[in-house]
Amino acid sequence: MRKGLSTTKKTGPSFGVIVFLLVLAAFGCNASNNIVPPPAAGSSPVTFTVTDTPPAGVTLLAFEVTVTTATLSPGNVPLVVNPVKIEVRRLETESAFLATVNVPAGTYQSVAVTFSNPELTFLNQTGSAIGVCANNSICEIKSNSSSNVSYSGAPFPVTITNNTPGGLRLDLNVANIITNGLGADFTVANGLIITQLTPNGLGDLFRIDDLDGIVQGLDAVNHRFTLHNFRGDFLVVTDINTQFEMEGCAANNFSCLANGQVLDVDVRVLPGGVFFARRIELEDADADDELEGVVFKIDDATHFQMVVLNPLRPLASVNAASRVVVTLSNPAFQVRAHGLTVPSALKNAFEGATDTSQMLPGQVVQVRVNSANIGPPIGVTTNRIRLRFTQVRGTLTAAPIPPNFTIGTLPPLFTNAGITTIHVQTSSSTDFEGVLVLNGLLNGDIVSVRGLLFKNGVNPPELVAKKVRK
């Protein structure tokens, strides 16, 4: 990481972000504009998305930043109309949707983006203090500053032609952006990379998995609905290819949907910003106060601590990046497969738990809030813990033996808990990015994996992978 103490500011043109890759929990406010009006004559819809290159070193538990503006030049054509707050850590394996806008046809030489108000929550296990953050502590750094970055490298110049939707993806290289003092410098060399998106053979610009939210505005005539969460609203369209997993509804199709339900949705993002549902899974019949977060400490049999990544809806004093102490009260442990085939032994062990014995640092879980204490520290009581997708970055310890492989060189959050390797299972339901198939991975490759992480007894933890990104 670079030396430095805080986010720096650089004068110059504001940097327009056109992002059309979406990652769960990386959604921005005012996101209901994923469907835009038909383009005017002489223009085409352009989608902007963001992803990231994960850092090495300290364990980043949460990293939020607001994309304030994004513009194409010449012409200062806006790509982001409303500020969008993104959770950067989720972007190690996913992408975040920023906006879809109609852009006049023409050739553009650069894009400019303004980043503001970075917030970092991290675990310091380096053996010494980092600034005022003591060793073995969870610390937060917030800044009111902004960074203005202009980018004119490849793929620019970019030519937009009439009625030809496309997209741009912004890759944040967090390893370069995060400074040694755990600030954020978006102006650093090689901090940003832009790539141009074109539809794949199925017509997708990119995909978004595990978009959670509450059903609103159900439209049975057009087979679509709005999915609402605390970050915004997303118009989701279904068709005959949408797979439904609606427990308790025999029809198992669109007729099972109702306003107020909580759903987990995988979507295809099509040119023009259309969110097409690939898979819809019922999470709950009615919305509760639920917090999703990454576990960083197991205190005892009935208490653990986590950093919140994604509240289902606003909860007093609790936001993304909040540190929460969770108390178990006769809890039910649940596993939602999300289209994956989970070995019964792993599933039964987690769902058979009555305390924290099947939990480990690094897991991502969702807790249903029965009561809350604003603290400090913030405390909640829960009677339900649901396993969610965990993402981990590591290095292959050997060539894969299909369908499995093992990763080591894990973040300190794992290694300081005595976890040196994680065994990864893949299947036909696993999506690969940066490599076409598992056999394309080699010993020593660095990968980010996302899936259901199980403790697995005395063996190394087992991760059933939904996504593998080289």
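Analyst: The largest cavity holds about 50 Å³ of space, where a volume is the space filled by probe spheres set on grid points joined across faces, edges and corners. Here a cavity is a set of points on a 1 Å grid over the protein atoms alone where a 1.4 Å probe fits but cannot get out, and lining residues have an atom within 4 Å of a point. This is a predicted model, in which local features need pLDDT of at least 70 and side-chain atom pairs count only at pLDDT 80 or more, while totals for chains, interfaces and linings use all residues. Residues are numbered from 1 along each chain as its sequence is written, and side-chain values use heavy atoms, leaving out hydrogens and water.

By the cavity rule there are three cavities of 30 Å³ or more. Lining the largest cavity are Asp212, Val262, Glu290, Leu291, Glu292, Asn310, Leu312 and Gln366. Strand β19 (residues 290-300) gives the most to this lining, with three residues; strands are DSSP runs of E, at least two residues, and helices runs of H or I, at least four, numbered from the N terminus. The lining divides into three nonpolar, two polar and three charged residues, with Ala, Val, Leu, Ile, Met, Phe, Trp, Tyr, Cys and Pro counted as nonpolar, Asp, Glu, Lys and Arg as charged, and the others, Gly among them, as polar.

Now to the rings: the structure holds six aromatic pairs, meaning Phe, Tyr or Trp (six-membered ring) centres within 6.5 Å, with planes under 30 degrees apart stacked, over 60 edge-to-face and the rest tilted. Phe350 and Phe454 have ring centres 6.5 Å apart and planes at 85°, so they pair edge-to-face. Ring pairs also link Phe63, Phe115 and Phe186 into a cluster.

Note on methods: 1 Å grid on protein atoms, 1.4 Å probe; cavity = no way out; pocket = protein on both sides within 12 Å on 5 of 7 lines; lining within 4 Å.
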